[in-house]
Amino acid sequence: MHRIILAATFLLISIHILLAQENQRSYKVFINDKINLHTPEEQWESLKQSHEAVYAEHVYDLIQLAAIPTEEEKRRLTEKGISLLHYVPNYAWIAKLALELTVQDLNNFGVFRISQIHSDWKIPDEMVTIAPDEQLSVRILFLETPYDRSLEILSMEMGVKVISSSNHWVDAIIMGNRVVATIAQHPLVQYINSLRPRPYRKSFWTNLNAPSAPTFPITPQNPIILTEAGYGLQ
């Protein structure tokens with residue numbers, strides 16, 4: 001009897017600890033500053049109409065789940081039309097969602113916050129201030145390769161001169177800030193990294209605290225990593 005009481009007490013304590021940890025879980029997502037995510041009811045329909053989010057019958061956006069899914073849960077989400085591409089702390093992912101999904105589908109599959117991936121997030125500070133006629137050597141990182149064309153063709157369609165390419169990136173020469181903006185607005189583009197960094201100048205965005213215009217300063221405190229392909233969201 002004494003052992004049963006001890007076992008029951010231990011179980012109750014364990015449950016209490018788990019519940020306390022759950023309540024302390026942070027769902028804040030920081031990209032430079034804390035960004036505001038929205039419920040699917042607030043933003044999903046508008047995302048489905050955005051040229052910066054939709055490509056080939058899919059929506060590329062930032063989603064947040066209540067917990068980290070297991071590999072089996074990831075597989076089931078993919079089968080339902082939700083592919084998790086890159087993790088962004090906390091409990092958020094750059095994701096590829098089937099266009100036919102509804103708000104109710106997202107709720108059923110555990111997606112409780114979403115956000116558009118803003119083009120400003122994909123451009124380093126030193127590239128924001130380039131002149132219209134300035135030439136830059138860049139590496140364009142992509143979330144994935146499109147099914148209907150190569151990354152080289154896709155990049156040339158955006159107005160760049162391709163030098164070399166791999167499965168997820170293209171090295172290219174670009175001319176001017178309009179081309180930079182065009183590239184950053186494409187749903188498949190993950191990040192644009194300068195191969196020959198310009199002298200750093202404090203950009204306009206540095207003084208902006210608005211959640212609609214964050215940037216990705218390359219520091220250890222931010223979810224940007226250096227890979228073989230350059231800097232990008234992880």
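This tour visits a sheet, a helix beside it and some charged pairs.

Before you click: this is a predicted model, where local features need pLDDT of at least 70, side-chain atom pairs count only at pLDDT 80 or more, and totals for chains, interfaces and linings use all residues. Residues are numbered from 1 along each chain as its sequence is written, and side-chain values use heavy atoms, leaving out hydrogens and water.

Stop 1: Strands here are DSSP runs (E, at least two residues), and helices are runs of H or I with at least four, numbered from the N terminus. Two strands pair if DSSP finds at least two bridges between them.

Next, pick 135-142, which is β8; five bridges join it to β11, running antiparallel. Zoom in on Ile140 and you'll find it opposite Ile192 in β11.

**Stop 2: charged pairs.** Side chains of opposite charge can pair when their charged atoms come close. The structure holds nine salt bridges, each a side-chain nitrogen of Lys or Arg within 4 Å of a carboxyl oxygen of Asp or Glu.

Which residue forms a salt bridge with Arg139? Show Asp171: the closest N and O atoms are 2.6 Å apart. Arg139 lies in β8 and Asp171 in β10, so the pair ties together parts that are 32 residues apart in sequence. Both Arg139 and Asp171 are buried, meaning under 20% relative accessible area, while exposed is over 50% and partly exposed is in between (1.4 Å probe, protein chains only).

Then select Glu144 and Lys96, whose side chains meet in a salt bridge (3.0 Å, N to O). Glu144 is in the loop between β8 and α6 (151-157), and Lys96 is in β6 (92-98), 48 residues apart.

Hop over to Arg149 and Asp148, another salt bridge, at 3.0 Å. Arg149 is partly exposed at 29%, and Asp148 is partly exposed at 37%.
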